[in-house]
Amino acid sequence: MAILQFLGATREVTGSAYLLTTSRSTVLLECGMHQGGRDADQANLADFPFQTTDLDAVILSHAHLDHSGLLPKLVKQGYQGPVFMTRATYNLIDIMLHDAAFLEMKDCEWENKQRRRAGKTLLEPLYTEQDVDAALKLREVIDYHQPVNIAPDIELQFYDAGHILGSTIVELSVKDARESRRIVFSGDLGNTHHPLLKDPDILTRADYLLLESTYGDRNHRDYDETVEEFCQALQEAADAGGNVMIPSFAVGRTQEVLFWLGKFYRQGRLKQRQIFLDSPMAIAASELYFHYLHLFNDEDAQAFRDNVKHQWEDWLPDLNCTHTTEESMQINTISGGAIIIAGSGMCTGGRIRHHLKNNLWKNNSHLIIVGFQAIGTLGRALVDGAQQVNILGHEVAVRATLHTLGGFSAHADQQQLLEWAGHFATPRPELYLVHGELDKMLALQEQFHQHYQWHAHIPSYREKIKL
Ligand SMILES: [Zn+2]
């Protein structure tokens, strides 16, 4: 008998972690960071609810920090075993975990400055870049569709989730002398309209299915319409003569934006001649994509093979990748006609804040929102129509034209989730909804009832199920 315990992303979207315990092995699926607010900081600091040294293996479905971000902490606290992931995931977490450790150290330094003054005890960072290096050394890279024994009684197989580069659907087969049980975890399931990546692999057999439900309550806006809106917003901005700012997540959305800018350029519809990718992390992640053309969908892979040698500048000739702070500051001297893509995706940090400070107050500036903006972030305040915002200690009037594009998403929507899960053969697997807010899960649960008369469980934190 085996037990699966839900240790994160229950009725919420961050902190993914699931513990599988059999009579012979213990495996941790995902080691995600909690994100968003003070509660998340506390959750990240809390002890793991298991002994790190009891684990035989760790599996990461993909590189996003809410699935991988606590791995260095796990290693800092004694885990020394293998960490299974795809090669692209390894390359991406190399960039992302180092960035996370750097930010963690900066935050800690700032906080300790105040604490020292107040005579309080100093904080230690969650983990350091050395812990990241130690964690990366434990990687065991495996390909899609290659079954691998990761413990005496557990076999792992990765399938393509089509969510970001290297992302996987995880299949685990638990075998003992009498029987075998198959668990499928959807990971973050991709949007079938996403360019570059392939559509999620279809699986048909499982005894247990863990399904993400980020967009369990709704369908995305039409993708083609969103692309058209994007093109029109850029043309409007070019006619107005101002700069365009696009806050963007470094992995996934940035490459989607670059892809479409290149398409518009090739169609003769892109008027701007100065385009800046102003984020060292996004530049590094974007360069990685060219090592993985074989993971692209056939059509886009062919377009890239025909037009691109080694870099995004081949696809989008007016692109400038600005690595240094000096290069980034140079962009401020451009009074109009530029497109600036920078992080962070929700305007909570990074170089985009400097560009917003310099451009938001100008009538001819345009701000194009291409991603989700959580409550409490600067990005959300702008989307909600703030007239005045505080950026880096400065009061800034919002005079720029704002475009919010609703159709770009790296996640499957309600209909895509239902369709994908609907491929599982009857008798249906036991279904558990994870990685979603409760109202989204309830809406999706209702849909599973209506479409398939299939009951979806909504597990709570620390709940255990017997397999
Ligand atoms: Zn993800």
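Modeller: The radius of gyration here is taken over C-alpha atoms, and the globule rule is 2.2 Å times the number of residues to the power 0.38. Keep in mind that this is a predicted model.

Colleague: Thanks! What makes the radius of gyration of the protein chain agree with a compact globule?

Modeller: For 467 residues the rule gives a value near 23 Å, and the protein chain has 23 Å, so the two agree. Along its principal axes, the C-alpha trace spans about 70 × 60 × 40 Å.

Colleague: And what is the chain built from, in helices and strands?

Modeller: The protein chain holds 15 helices and 22 strands. Of its contacts with a separation of 6 or more, 74% are between residues 24 or more positions apart.

Colleague: Where is His34, and which residues is it in contact with?

Modeller: You will find His34 in the loop between strand 3 (26-29) and helix 1 (38-45). Setting aside neighbours within four places in sequence, the contacts of His34 are Glu12, Thr14, Gly15, Ala40, Ala43 and Asn44.

Colleague: Now the cysteines. How many disulfides are there?

Modeller: A disulfide needs a pair of cysteine sulfur atoms within 2.5 Å, and by this rule the count comes to zero. Take Cys108: its nearest cysteine sulfur, that of Cys31, is 19 Å away, and Cys108 is in no disulfide.

Colleague: Why are Cys108 and Cys231 called buried?

Modeller: Cys108 has 8% relative accessibility, so Cys108 counts as buried. Cys231 has 3%, so Cys231 counts as buried too.

Colleague: What about burial and surface for the protein chain as a whole?

Modeller: Of the 467 residues, 56% count as buried. The accessible surface comes to about 20,300 Å², with 46% of that belonging to carbon and sulfur atoms.

Colleague: And how many charged side chains are there?

Modeller: There are 41 positive and 60 negative side chains, and the centres of the two sets lie 4 Å apart.

Definitions and conventions:
Residues are numbered from 1 along each chain as its sequence is written. This is a predicted model: local features need pLDDT of at least 70, side-chain atom pairs count only at pLDDT 80 or more; totals for chains, interfaces and linings use all residues. Side-chain values use heavy atoms; hydrogens and water are left out. Buried means under 20% relative accessible area, exposed over 50%, partly exposed in between (1.4 Å probe, protein chains only). Helices (H or I, at least four residues) and strands (E, at least two) are DSSP runs, numbered from the N terminus. Contact means heavy atoms within 4.5 Å. Accessible areas come from the Shrake-Rupley method with a 1.4 Å probe; for residues, only the protein chains shown count as cover. Lys and Arg count as positive and Asp and Glu as negative; His and the chain ends are not counted. The place of a charge is taken as NZ of Lys, CZ of Arg, CG of Asp or CD of Glu.
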